[in-house]
Amino acid sequence: MHTFYDSLENRSPAEREAALFAALPKQIAHAQENAPAMAEQLASIDAASITSREALATLPVIRKYELLERQQAQRAENPFGGFAAIGMGAKMARVFASPGPIYEPEGKAKDYWRMARALHAAGFRSGELAHNCFSYHFTPAGSMMETGAHALGCTVFPGGIGQTEQQVEAIRDLKPAGYIGTPSFLKIILEKAAEMGVALPSLKKAMVSGEAFPPSLRDWLAERGVQGYQSYGTADLGLIAYETSAREGLVLDEGVIVEIVRPGTGDPVPEGEVGELVVTTLNPDYPLIRFGTGDLSAVLPGQCPTGRTNTRIKGWMGRADQTTKVRGMFVHPGQVAAVAKRFPAVQKARLVVSGEMANDKMALHVECGEQTPELQQAIADAVREVTKLRADVVFCAPGSLANDGKVIEDARSYA
């Protein structure tokens, strides 16, 4: 029998959807009142009317570069660029910095980043010692996992990064039940332990994140007695999704609303199609509404065999930012989407950039039921108008373009 972290995990999908969209208008109103950047972003929005996915999809998407630009512009007055609803002092425990730098607040709520749920799914339980090898400085990963482990009732050894021999010695001496960190560093630790002739029999499980966790590495760990499970989150949002013992995709966290949109737009894609993950958090301290992660994924059909009823995603499938430079000019996924939107007959579009160095060629491949010379020319004219560049237009049968989330494919040769 599977055990759940709480009753939220196996409630009916209808009950979950109702609860999320009952909370959303209050979160939007809170953001408008307490986070100046969100107030500007949502200036014309009636918060009380955003009670469905269809209504949510009408709001603008905030992308990470916008967050960075605003922070940089307001750094002297507000290091968070007006996105945080709390300030330094009694309500803020820590401040972190991700590459950019982008500054993120950590509030004082228990399990602020909501990681306890993922750790529980990975097998961590109250009373155990967790060996945490995520960084404890600058970036929030160490704190994200430690606060989740504390909420679960675990004791934490703050191993941090590096010092592999000392990591082995600490695991040997303290006998933690599990490891938390990147999968590659766990492999390094286990290899070092073997080199030192040190057995680590207590280490039976691992929560890994921060990088890809391929099946080959999962199996390598399992052969050495460690069952590894992955979680997916960001420094802006906390936990987004986590793996379960079923090992069929990642189950969404209960504290976020997730959409998958066509890259470069805010338009949700049909279930199963690859697109960019856009996340709305219900965290009142950092109320990001429709935050574009820049990561690609897709919804998996059906429910998790463990009995968890939330939506599942396939996991990380690449980056959504496919901006490329063609003949000295940047072309963005949003421009491809803008062209496609002009023509109702176009169901899907993919810009392929080919040629050798200094001889770029563009071809817009479009799935289209109507295929006439007149439409082909009109689309080509629209491409030139929007991008200021010429492109061939190639008609494709509906459903024939790859379902990989790519709006721009760079197929050039640089040899």
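Is Arg 350 buried or exposed? Select Arg 350 and you'll find that it counts as buried, at 8% relative accessibility. Here "buried" means under 20% relative accessible area, "exposed" means over 50%, and "partly exposed" is in between, all with a 1.4 Å probe and protein chains only.

Before you click further, know that this is a predicted model: local features need pLDDT of at least 70, side-chain atom pairs count only at pLDDT 80 or more, and totals for chains, interfaces and linings use all residues. Residues are numbered from 1 along each chain as its sequence is written, and side-chain values use heavy atoms, with hydrogens and water left out.

**Stop 1: around Arg 350**

A salt bridge here is a side-chain nitrogen of Lys or Arg within 4 Å of a carboxyl oxygen of Asp or Glu. Arg 350 lies in strand E18 and Glu 409 in strand E21, so the pair ties together parts that are 59 residues apart in sequence. Helices (H or I, at least four residues) and strands (E, at least two) are DSSP runs, numbered from the N terminus. Glu 409 is partly exposed, at 24% relative accessibility.

Now select Arg 412 and Asp 360. These side chains also form a salt bridge, at 3.2 Å from N to O. Arg 412 is in the segment after E21 and Asp 360 is in the loop between E18 and E19, so this pair links parts that are 52 residues apart in sequence. Arg 412 is buried at 13% relative accessible area, and Asp 360 is buried at 14%. Asp 410 is partly exposed, with a relative accessible area of 38%.

For a network, select Asp 6, Glu 9, Arg 114, Arg 117, Asp 253 and Arg 308, which are joined by salt bridges that share partners. By this rule the count comes to 28 salt bridges.

**Stop 2: two domains**

Color residues 13-319 as domain 1 and 324-410 as domain 2. Those bounds come from an automatic or database domain assignment. The C-alpha centres of the two domains lie 34 Å apart. Nine residues from domain 1 and nine residues from domain 2 take part in the contact, where contact means heavy atoms within 4.5 Å.

How many salt bridges are there between domain 1 and domain 2? The count is one. To see a salt bridge at 2.9 Å between the closest N and O atoms, pick Asp 267 and Lys 341.

**Stop 3: helix H10**

Select residues 333-341, which make up helix H10. Its buried residues are Pro 333, Gln 335, Val 336, Ala 337, Val 339 and Ala 340. To see some of what covers them, show strands E17 (329-331), E18 (346-354), E19 (361-368) and E21 (408-410), plus helix H11 (373-387).

**Stop 4: Arg 312**

Go to Arg 312, in strand E15 (residues 312-313). Arg 312 is buried, with a relative accessible area of 5%. What does its side chain reach at 2.7 Å? That's the backbone oxygen of Pro 301. The side chain of Arg 312 also makes a polar contact with the side chain of Glu 248, at 3.1 Å. A polar contact is a pair of N or O atoms within 3.5 Å; within protein, one must be able to donate a hydrogen and the other to accept it, and residues adjacent in sequence count only if both atoms are side-chain atoms.

**Stop 5: Ser 143**

Next, jump to Ser 143 in helix H6 (residues 141-152). Ser 143 is buried at 7% relative accessible area. Its side chain makes a polar contact with the side chain of Glu 106, at 2.5 Å. Leaving out residues up to four places away in sequence, Ser 143 touches Arg 94, Phe 96, Glu 106 and Trp 113.

**Stop 6**

Most residues other than glycine have a negative phi, and most peptide bonds are trans. Now select Gln 163, which has a positive phi of about 55° although it is not a glycine. Gln 163 is exposed, at 53% relative accessible area. Arg 290 has a positive phi of about 55° too, but Arg 290 is buried, at 0%.

Finish at Gly 100 and Pro 101, joined by a cis peptide bond with omega about -10°. Pro 101 sits in the loop between strand E2 (92-98) and strand E3 (102-107).
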